[in-house]
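These are my notebook entries on a single protein structure. I set out to look up its covalent link, its charged side chains and its aromatic rings.

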Amino acid sequence: MRYVPFVLVVAATVAYTATPAAAITNGSADGDTHPEVGALISDEQNPDGTWTYCTGTLISPTVFLTAAHCGEPKQKTAKVSFVDRYKRGAQLYSGRYIPDPRFSAKSELHDMAVVLFDKPILSIKPAQLPPAGLLDLLKAENKLESARFTPVGYGSLQPTMRKPRDQRFHYTDTRHQATISFKSMTRRWLNLSLSTKGDGSTCFGDSGGPNFLGGVTSHLLIATTISGADDACRKTNYDYRLDSASARQFLGKYVTLPGPAQPAAPAAAPSAQAAPPSRPSAG
């Protein structure tokens with residue numbers, strides 16, 4: 001499969017920023033629906049006038065989760081904004097940037113990083129992390145293929161084609177959301193695709209951002225955006241499962257994780273009621 005990291009693209013044919021990330025296509029502005037979703041902010045303005053270059057999610061008052069490929073080699077700190085549309089001068093939160101030590105730029109495996117804040121962010125409720133093996137349980141219960149997912153990010157909007165093989169990506173420093181459908185799954189990866197007319201996708205600038213399990217108001221963070229099957233942001237999205245043992249090994253160093261996923265309890269049978277006493281017949 002082709003691996004296209006969703007990092008901000010920088011080239012003469014695009015309007016975008018630094019390195020790793022992607023953006024929401026065929027979606028809508030998120031507004032204040034997901035205030036726990038933030039953007040990594042560059043030290044220098046991008047050529048197109050924007051500042052965001054990757055997306056991430058607050059998973060505890062002091063921990064922000066993003067993708068390791070969003071960082072530079074030996075990067076120690078990162079700046080995060082949680083406003084739905086970033087403008088210079090908006091409040092920023094700085095913290096230590098720590099990638100998963102197992103990550104290598106030669107492979108998409110273990111593509112996770114955290115930003116650790118010295119002071120807790122108490123004004124934003126963190127996203128909910130999934131129980132271990134939640135997607136496996138949903139698959140076993142035949143509920144996965146009909147499930148809906150909601151990616152959120154600050155990435156590029158629908159790319160436009162000026163001529164064959166010459167695309168322009170459009171960045172607005174604005175948080176967007178979309179809905180997308182299940183395609184397939186492996187031990188580490190959740191693959192999502194556009195299978196219905198209303199589906200949207202992620203694109204460059206959305207890297208590290210969340211895929212929530214459920215509709216647009218869900219806050220259950222099941223996977224992070226990593227890459228896609230094409231650079232037109234129209235095919236399969238490759239997202240890193242957060243309910244996997246591999247992801248939990250890294251996340252467990254920084255947050256308390258939920259336990260194993262449990263099957264839903266069967267509905268209780270209605271209790272039998274005693275029949276009312278029979279009335280004596282009229283004599």
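Does C70 count as buried or exposed? I looked up its relative accessibility and found 1%, so C70 counts as buried. I note at the outset that the model is predicted.

**Entry 1. The disulfide**

I searched for disulfides and found one in the structure. The disulfide joins C54 to C70, with an S to S distance of 2.1 Å. I read -85° about the S-S bond, and the link of C54 and C70 is left-handed. I then placed both ends: C54 lies in strand β4 (residues 52–60), while C70 lies in the loop between β5 (63–66) and β6 (77–81), so the pair ties together parts that are 16 residues apart in sequence.

**Entry 2. A buried glutamate**

What does the side chain of E36 make a polar contact with? I found the side chain of H219, at 2.6 Å. I also looked for a salt bridge and found that E36 has none; R175, the nearest side chain of opposite charge, is 7.1 Å away.

I listed the contacts of E36, leaving out residues up to four places away in sequence. Among them are G56, T57 and L58, as well as F82, I124, F212 and H219. For E36 and G56, which are 20 residues apart along the chain, I recorded a C-alpha separation of 8.6 Å.

**Entry 3. Aromatic pairs**

How many aromatic pairs does a search of the whole structure find? The search finds five. I examined F82 and Y93: their ring centres are 5.7 Å apart and their planes stand at 65°, so the pair is edge-to-face. F82 lies in the loop between β6 and β7 (93–99) and Y93 in strand β7, so this pair ties together parts that are 11 residues apart in sequence. Both F82 and Y93 are buried.

I also examined F250 and Y254, whose ring centres are 5.4 Å apart with planes at 65°, so this pair is edge-to-face. F250 is buried, with a relative accessible area of 2%, whereas Y254 counts as partly exposed at 25% relative accessibility. I noted one aromatic cluster formed by F64, F82, Y93 and F117. F82, a member of that cluster, is also among the residues that E36 touches.

**Entry 4. Salt bridges**

I searched the whole structure for salt bridges and found six. One of them is formed by K79 with D43, the closest N and O atoms being 3.0 Å apart. This pair links distant parts of the chain, with K79 in strand β6 and D43 in the loop between β3 and β4, 36 residues apart. K79 counts as partly exposed at 24% relative accessibility, and D43 counts as exposed at 65%.

K143 forms a salt bridge with E141, with 3.3 Å between the closest N and O atoms. I read 40% relative accessibility for K143 and 27% for E141; K143 counts as partly exposed, and E141 is likewise partly exposed.

The side chains of R241 and D243 meet in a salt bridge at 2.9 Å, N to O. R241 is buried at 1% relative accessible area, and D243 is buried at 3%. I noted finally that D136, R241 and D243 are linked in a network of salt bridges.

Methods:
Residues are numbered from 1 along each chain as its sequence is written. This is a predicted model: local features need pLDDT of at least 70, side-chain atom pairs count only at pLDDT 80 or more; totals for chains, interfaces and linings use all residues. Side-chain values use heavy atoms; hydrogens and water are left out. A disulfide is a pair of cysteine sulfur atoms within 2.5 Å. Helices (H or I, at least four residues) and strands (E, at least two) are DSSP runs, numbered from the N terminus. Buried means under 20% relative accessible area, exposed over 50%, partly exposed in between (1.4 Å probe, protein chains only). Contact means heavy atoms within 4.5 Å. Lys and Arg count as positive and Asp and Glu as negative; His and the chain ends are not counted. A salt bridge is a side-chain nitrogen of Lys or Arg within 4 Å of a carboxyl oxygen of Asp or Glu. A polar contact is a pair of N or O atoms within 3.5 Å; within protein, one must be able to donate a hydrogen and the other to accept it, and residues adjacent in sequence count only if both atoms are side-chain atoms. Rings of Phe, Tyr and Trp (its six-membered ring) pair if their centres lie within 6.5 Å; planes under 30 degrees apart count as stacked, over 60 as edge-to-face and the rest as tilted.
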